[in-house]
Amino acid sequence: MTDAAGTTPNAWRASGAVTGSQAVAELRHNLRTPVNHIVGYTEMLLEDAPPEDTARRAPLQEILAAAQDVLARISVVLAPTLSQVAAEALTGLYGDLREPQARIVRAVTALQTQSGSALDAAALDDLGKILHAAEQLAPHRPAAEATPGAGVGTGSHDAACRVLVVDDDAANRDILQRRLQRLGHRVFPAESGVRALEMLAAEPFDLVLLDVMMPGMDGFEVLSRIKQDAATRDIPVIVISALDDLSAAVRCIEQGAEDFLSKPFEPVLLKARVGASLEKKRLRDRERAYLRDVDRVLGAAGAVEAGTYQAGSLGDVARRADALGKLARVFDTMATQVRAREQQLHEQVRALRAEIATARRATVGGSTKASEVPTLHTGERLAGRYDILASLGNGGMGAVYRAKDLELGEEVALKTLRHDLVGDPQLIERFKTEIRLARRISHRNVVRTHDLGEWRGTYFLTMEYVEGITVRELIDTRGRLAADAVLAIGSQLADALVVAHSEGVIHRDIKPQNLLLDGQGVLKVMDFGVARLAERGNQLTEAGLVVGTPAYMPPEQLFGEEIDARADLWACGVVLYECLTGRLPFEAATPMALIATVLQDEPTPLADLTSDAPPALTGLVMQLLAKRRDDRVPSAQALRERLGAIA
Amino acid sequence: MPRILLVEDNEMNRDMLSRRLARRGFVVEMAVDGPEGVAKAAAGGYDLILMDMSLPAIDGWEATRRIRAAETGTPVPIVALTAHAMAGDREKALEAGCNDYDTKPVDLDRLLGKIQALLGGSA
C-alpha cells in the first residue's frame with residue numbers, strides 16, 4: 001500500500017481469493033486510488049477547457065463517466081461490508097474493469113491526437129498521468145503465461161493478447177513485433193500467408209496484423225480464407241500495407257477486415273487501432289459469453305419445469321457480478337426451495353393418504369348413518385333437475401344427498417336446509433348474499449358452491465360432489481394423526497382460507513366435519529357462506545336450537561362480538577389440536593360448561609400430549625388458540641408461511 | 001489566504017490535490033509521510049490539515065494522535081482522507097482526533113464544503 005511512486009504494487013494482482021476485511025479494504029484502496037487520480041486530473045482539465053470547446057470536453061466527460069463505472073463496479077464486488085471475496089469474483093471484476101478502462105484510454109488517446117489541439121505541455125502531461133492511472137485498474141496477465149522470450153512489456157492498457165503478425169519482410173515483422181510487445185502483447189510472427197493459415201489452424205489468436213503485398217498467397221487471399229472459416233472468422237484482422245491506396249483499403253474492409261493501416265504507420269495510430277480492435281473483440285466475446293449464460297438460465301428454467309433441475313447447476317453463471325448473475329442466484333435459491341417444499345408436501349400427502357386408506361378400511365361395511373329424517377328419497381327428482389342418488393347423512397342444518405344434476409350432467413352434493421332456519425325472509429336474503437360471495441371462491445381446496453334453490457318450500461344448496469371422507473371420520477377412526485398428515489391438512493386449510501379471506505369471506509364454522517379429503521389427500525373445505533344461516537341456531541337463549549357445538553368457536557364469537565378472519569384461525573387451531581391428539585382442546589359435559597371452559601381455561605399444552613410433533617407445530621397450534629385474537633397468528637397467509645417453514 | 005498542510009504519501013495524489021486546492025486560493029504545503037506531517041504541524045502556521053490515513057511508517061490515525069498530543073494552543077482542524085471506505089473508518093478517524101472525514105476519490109466540492117465549514121470565520 002506504500003505506493004509512494006504513484007504506482008500500485010503488484011500484490012493485489014494475485015488472482016486468488018481475498019480474505020479478511022482489512023485485505024478487502026486494501027484491495028479497494030488500491031483500486032480507488034487510481035480512480036482518484038483519473039477523476040482529479042480530468043476535472044482539472046475540464047476546468048481549463050473553454051465551455052464551447054466540445055471536442056475537448058466530450059472525451060473528458062467520457063473519462064469521468066468511465067471512472068464512475070469503475071467505482072460502481074468496485075463498490076459492488078468489494079463492498080465495505082465484505083470480509084471475503086472469491087477468486088472468481090476478483091477475476092470477474094478485473095475483466096469488467098477493462099471496458100471502462102479501455103474507454104478512458106480511448107478518450108485520452110483521442111485528446112492526445114486531436115489535430116489543432118490547444119492543449120499545452122502541462123495538459124498533455126496530465127493526460128499521461130490519467131493514462132498511467134488507468135493502467136493500474138486492470139492487471140496484465142501474469143508474466144508466467146507469456147511465451148519465453150516474447151517479453152511482455154508495460155505501458156499498455158490491454159492485457160497481453162495473442163497477436164499474429166503476417167509480413168514477408170523481416171524488418172517489418174521485427175518493428176511490429178517490438179512495438180506490439182511494448183504494448184504488452186504476445187506476438188507471433190509469420191513470414192508467409194500459408195504459414196499464417198497453418199498457425200491460425202493450430203492456435204487461438206486475438207488479432208491478426210496482415211500485410212497485403214506478399215509473394216505467393218497475398219493478404220487478400222489470406223483475409224478471404226480467414227473470413228470463410230467459421231473457426232477464425234471472428235478474429236479481427238488489421239491490414240497493413242505500404243500501398244497508400246484507397247481501393248485496397250476498401251477491398252479489405254469489404255472482405256471483412258476490421259481496420260486498415262498504411263505504412264509507414266504512426267505508432268500512436270497503431271496503438272489506438274490495435275486497442276480498439278481488441279476491445280471490440282473482447283466486447284463481442286463477452287456478449288457471446290453473456291448470451292451463453294442467458295441460454296443456461298433458460299435451460300435451467302426448462303429443467304425446473306421438467307422437474308430435473310439440480311441445485312447449483314447454474315454454477316459460474318451464478319457467480320457473475322452482474323444482473324444476470326444475481327438472477328441466476330435468485331433463481332437457483334428459489335428453484336431449490338420450491339423443490340424442497342414440493343418434496344415436503346409430497347411426504348405429508350403420502351402420510352395423509354396412508355391415514356385415509358386405513359380409515360377407509362376401518363369404515364368399510366360400517367354404518368354410513370342413514371338420515372334419521374330423510375326428506376328426500378333415492379330415485380326422487382327435485383325441481384325437475386336433480387335426481388337423488390343416495391343419502392350422504394345429516395348435518396346440523398339439514399340432510400345431504402348425492403344427486404345427479406341433469407342440467408350440468410354431473411354429480412353434485414345437494415344439501416337441504418331445515419325449515420326453521422330459512423323461515424325468515426330477511427334471513428334468506430342475507431343467506432343468498434353470503435352464497436353469492438362464497439361462489440366467488442375458486443380454489444382446489446374449496447368445495448365449489450353451485451346454486452341455492454327452493455322447491456316446494458324446501459331450500460337446498462348444490463355444490464361440488466367430492467368423493468372422500470371428512471377429517472371428522474378420519475379422526476374418529478384413526479384417533480390421533482401423524483404430524484406429517486396434520487401438516488398436510490393444516491397447509492391446505494390455510495391455503496383455502498387465504499383465498500376466502502382475500503375475497504372477504506369468513507367461514508365461521510371450520511370444523512372437521514366440514515373438511516373433506518379426497519382419495520388423493522386433497523383437502524376440500526365445505527360450506528363457505530353457510531354458517532351465517534346456522535348462527536341463528538346458535539342463539540344461546542334458544543338452548544334447544546343449538547346447531548353443532550361451541551367447541552370450535554373463539555371466545556369473541558361466544559361473547560357475541562363482531563368476528564373477523566381470526567375466528568377461522570382459532571377454529572384451525574382447534575382442528576389441528578384435535579388431529580394431533582385425537583381430543584378437543586376444550587371439553588365439557590354440556591354446551592354451557594363448554595363455553596365456560598373455552599372462555600376461562602387454557603388447553604392442556606400440546607407438548608404434554610404428543611411427543612412426535614415438531615415443537616414448531618405444537619407451538620403454532622397453541623398460538624392459534626390464544627384467547628385474545630391479537631395474540632393469534634395474524635392472518636391465514638401468516639399461518640400458511642409458518643406451516644410451510646416447518647420441515 | 002488559508003494555509004493547508006496536505007499529508008499524503010502518494011505522489012500523484014499530492015500533485016493533483018495540491019494543484020486543485022491552489023486553484024481555489026489555498027496555500028498548500030505538503031508532507032510525504034506521518035513523521036514529516038507531525039513535525040510540520042508542530043512547527044505551526046496551518047489553518048487546516050488534510051491527512052491521508054494510509055501512510056507508511058506511522059499511519060494517519062497515529063499521526064493525528066501525535067499532533068493532538070503535542071498541541072498546546074487552539075487545535076488545528078484535521079480532515080481525514082481515505083480510499084479504504086471501510087465501515088467504521090469515520091468513527092476511527094474522529095476518535096483519533098480528526099474533525100471530519102472524507103473518502104477518495106475526492107469529490108472536490110464536498111471536500112471544499114467541509115474545509116470551509118471547519119475554517120469558519122478564519123477563512
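This is a predicted model: local features need pLDDT of at least 70, side-chain atom pairs count only at pLDDT 80 or more; totals for chains, interfaces and linings use all residues.
## A strand covered on both faces

Since 5 of the 5 residues of E4(B) (residues 78-82) are buried, the strand is largely enclosed by the rest of the structure.

E4(B) has partner strands too. Strand E3 of chain B (residues 48-52) runs parallel to E4(B), joined by 4 bridges, and B:Met51 has B:Ala80 as its bridge partner. To get from E3(B) to E4(B), the chain goes through helix H3 of chain B (residues 60-70), making a right-handed β-α-β crossover. Another 4 bridges tie E4(B) to strand E5 of chain B (residues 100-103), again in parallel.

## A three-strand sheet in chain A

Over in chain A, you'll find an open sheet of 3 strands in the order E14-E15-E16, paired antiparallel. Strands E14 (468-470) and E16 (523-525) stand at the edges with a single partner strand each, so one side of each has no neighbour in the sheet. From one strand to the next, the twist averages 30°.

Strand E15 of chain A (residues 515-518) connects to E16(A) through 3 bridges, and one pairing sets A:Leu515 against A:Val525. Two helices of chain A pack on this sheet. Helix H12 (residues 471-478) touches E14 and E15, its direction making about 75° with that of E14(A). Helix H13 (residues 483-502) touches E15 and E16, and makes about 40° with the direction of E16(A).

## Nonpolar cores

The largest nonpolar core has 77 residues, and those touching the most other members are A:Ile489, A:Leu493, A:Cys572, A:Cys579, A:Leu580 and A:Val621. Domain 3 (324-367 + 468-647) and domain 4 (369-465) of chain A both contribute residues, so this core lies between them. A second, separate core of 69 residues includes A:Leu31, A:Leu90, B:Val7 and B:Phe26.

Take a look at A:Cys572: beyond its neighbours within four places in sequence, its contacts are A:Gly490, A:Leu493, A:Ile510, A:Leu624 and A:Leu639.

## A tyrosine in helix H1

Is A:Tyr41 buried or exposed? With 27 other C-beta atoms within 10 Å, A:Tyr41 is buried. This residue belongs to helix H1 of chain A (residues 21-48).

Setting aside neighbours within four places in sequence, A:Tyr41 is in contact with A:Asp126, A:Lys129, A:Ile130 and B:Met16. A:Lys129 is 88 residues away along the chain, yet the C-alpha atoms of A:Tyr41 and A:Lys129 are 7.8 Å apart.

Key
Residues are numbered from 1 along each chain as its sequence is written. Chains are lettered from A and ligands numbered from 1 in the order in which they are written. A residue is buried if 20 or more other C-beta atoms lie within 10 Å of its own, exposed if 12 or fewer, and partly exposed in between; C-beta atoms are placed from the backbone. Two residues are in contact if their C-beta atoms, placed from the backbone, lie within 7 Å. A nonpolar core is a set of buried Ala, Val, Leu, Ile, Met, Phe, Trp, Tyr and Cys residues joined through C-beta atoms within 7 Å. Domain bounds come from an automatic or database domain assignment. Two strands pair if DSSP finds at least two bridges between them. Axes are lines fitted to C-alpha atoms, for helices over the stretch in contact, and angles run from 0 to 180 degrees between N-to-C directions. A crossover is right-handed if, with the strands pointing away from the viewer, the path from the first strand over the helix to the second runs clockwise.
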